[in-house]
Amino acid sequence: MSQPNPSETPAAPTIETVTETPVTRSRLAWLRDVFRMSGHKAQPRVGLVILGFSVLFLAITARLALLATLPNEQVGLRRATSNAISAARPDIVDRNGDVLATDIGVVSVFAEPRKILDKDEATELLTAVLPDLDAKDLRDKLGTKKGFVWVKREITPRQQAEVYRLGIPGIGFLPEHKRVYPNGPAAAHILGFANVDNIGIAGIEKYIDSQGLQDLNGAGLATEATDLKPVQLSLDLRIQHLLRDELVNGMARFKAIAAAGAIMDVTTGEVLGLVSLPDFDPNNPVDALEKDRINRMNVGVYEMGSTFKALTIAMALDSGKVNINSSFSTAGGMMRFGRQVIKEYHGTGRTLTVPEVFLHSSNMGSIKMALAVGVEGHKAFLRKMMQLDRMTTELPESAAPIVPQRWGEINTATIAFGHGLAVAPIQAMAAVSALVNGGYLIRPTFLKRSQDDAMKVATRVIKPETSEALRFIMRINGEKGSAKKADVPGYFVGGKTGTAEKVIGGRYAKNRNFTTFTAIAPSDKPKYLFLAIYDEPKGYAESGGYSTAAWNAGVTTGRLIERAAPLLGLTPRFDPPPSPFPLMAKLGAWGSR
């Protein structure tokens, strides 16, 4: 065995070294410069940041372009659901803040047909849990190639749990908004209703959409009701409830086929209550579109009968052709216009003063006053009072008056006592309000507003002196005439009845009446106007078989005043005002002493 030579030096272990090329040294130096905190080396750091953001921006842009051109299933689902989910709506509240309409959260079931493996099985399972589904319709939906279809909207929590337990791939749930009306039918014709997609279909609900709600929802700016300011109406829910209650009771008592009524603030034009019967429940408006469910106050047009005599007298007095002490002969009890004969209903056969024409509801006296003004003057006055054109309010539903195509002397004669011109009751209320509030015509509103705001849109239509005369004669009728049944002690009520024969088949039907009663309180300084209407009321034992307005609409209006006055803040006065109509007293008008 050979021994190692001590003179031989053992070999050292081999160590591999990395040779730095010029390129490598340059890169390392650049990185060291980037992270070196010296001020004069800032330019490389800025460059790196710019490079990083540029890469990120390009990546995002590329991804968005890809999603736009080739959307995947999830993106398609998001788009479909965002378009399908019902939109949020603002709360609707009354003048005191009580909720009239609001949104609640509900859940709806949807399907992605492309993900459902067995359409028949899915249909069978779903219809077992949701029995009101149409199996054929559901099978057809699930058999499409669509990425999204509704299975059932607005299910209950129990139904949601049962569908969830089925575990069907491609079936999911989406939260939605459902419109609810806590007071049921109380204000149905004012509120209208929203459909399953929470889109306003009628009434204030439709008005809200017309103000841009759907545009806000489309832009994603109103996803919850809390994002939107509540819509405050002029209505008083307490007044609305009692108004409906009295009309329901009256409709049953007088065996009428329909009824309607309203209460309005004559100083602001605010509608505090409005009811039309039959009505509907906006929570389930299945019968809302039936022809007998119309809003008779806004959409119905009717001959208002003798309540129109107030307009005729105001026109005559304001024209200066008649004064409060003028008198008119009613001898003979009839007037002839060619082959047409107009008779008094309860004729006196004597000469009547202006207040007596109103008190006795004289057709002849009213005709003579209208003819004194003339046909053209009559038309001009009624147009000024908004009785010849469609009156619009916040409610989308309205009707145009039925005006004679050829307006001659006979038309002026009949319209003078409330026949031959059919208007919507709410526009008649606007005119009567102007007669008693000092002479200002204010378009009615269903939104809360102040008297100052109302006066900004008001138009003077008659003189203050004429307005006092109308308040005076309405009060006389409340004390001594057909309005006595509404003369609630302490409230100084004035009013006027109106009974019109309905037009059936182009002819007046003597046994079918449309009755109205208009009342103001208090007469010396009116604040509120009350109106009650009955369609085809029947006579009863206490009325002696009569179905005229005093025996039905008058009775109801008295009840309305009695119940509503305390809520409206009208303080009863059991001593009459000392000088309620000073001008009438000064002129020595009939009945002023």
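# Briefing: helices, strands, salt bridges and enclosed space

The model is a predicted one. In H17, 13 of the 17 residues are buried, which leaves the helix mostly covered.

**The largest pocket**

- The largest pocket holds about 1,500 Å³ of space.
- Its lining is made up of 46 residues, and those nearest the centre of the pocket are Tyr345, Asn363, His419, Thr499 and Glu501.
- Six elements each give at least two residues to this lining: strand S13 (340-343), helix H11 (354-359), helix H14 (409-416), H17, S18 and S19.
- Strand S18 is the greatest contributor to the lining of the largest pocket, with seven residues.
- Sorted by class, the lining of the largest pocket comprises 20 polar, 15 nonpolar and eleven charged residues.

**The S18-S19 hairpin**

- Strand S18 (residues 494-504) and strand S19 (residues 507-521) run antiparallel and are joined by eleven bridges.
- Two residues separate the strands in this hairpin, and glycine 505 in the turn has a positive phi of about 60 degrees.
- Glutamate 501 has asparagine 513 of S19 opposite it, and Glu501 is also among the residues nearest the centre of the largest pocket.

- Over the whole structure, 33 salt bridges are found.
- Side chains of opposite charge can pair when their charged atoms come close.
- One of the salt bridges joins the side chains of arginine 179 and aspartate 103, at 3.1 Å from N to O.
- This pair connects distant parts of the chain, since arginine 179 is in strand S4 (residues 171-180) and aspartate 103 is in strand S2 (residues 99-111), 76 residues apart.
- Arginine 179 and aspartate 103 are both buried.
- Arginine 179 also forms a salt bridge with glutamate 205, with 2.8 Å between the closest N and O atoms.
- Because glutamate 205 lies in helix H8 (residues 203-218) and arginine 179 in strand S4, this pair ties together parts that are 26 residues apart in sequence.
- Glutamate 205 has a relative accessibility of 0% and so counts as buried.
- Arginine 179 has a relative accessible area of 6%, and therefore is buried as well.
- Arg89, Asp103, Arg179, Glu205 and Asp209 belong to one network, joined by salt bridges that share partners.

- Lysine 141 and aspartate 137 form a salt bridge in which the closest N and O atoms are 4.0 Å apart.
- Both residues of this pair lie in helix H5 (residues 135-142), four residues apart, or about one turn of the helix.
- Lysine 141 is partly exposed because its relative accessibility is 28%.
- Aspartate 137, with a relative accessible area of 40%, is partly exposed too.

**Cavities**

- Four cavities of 30 Å³ or more are present in the structure.
- Residues lining the second largest cavity include Pro185, His189, Gln240, Arg244, Ser276 and Asp279.
- Helix H7 (188-191), helix H9 (237-253) and strand S9 (271-277) each supply at least two residues of this second lining.
- The lining of the second largest cavity has two charged residues, along with seven nonpolar and three polar ones.

Note on methods. Residues are numbered from 1 along each chain as its sequence is written. This is a predicted model: local features need pLDDT of at least 70, side-chain atom pairs count only at pLDDT 80 or more; totals for chains, interfaces and linings use all residues. Side-chain values use heavy atoms; hydrogens and water are left out. On a 1 Å grid over the protein atoms alone, a cavity is a set of points where a 1.4 Å probe fits but cannot get out, and a pocket is an open set with protein on both sides within 12 Å along at least five of seven lines; lining residues have an atom within 4 Å of a point. Grid points are joined across faces, edges and corners, and a volume is the space filled by probe spheres set on the points. Ala, Val, Leu, Ile, Met, Phe, Trp, Tyr, Cys and Pro count as nonpolar, Asp, Glu, Lys and Arg as charged, and the others, Gly among them, as polar. Two strands pair if DSSP finds at least two bridges between them. Buried means under 20% relative accessible area, exposed over 50%, partly exposed in between (1.4 Å probe, protein chains only).
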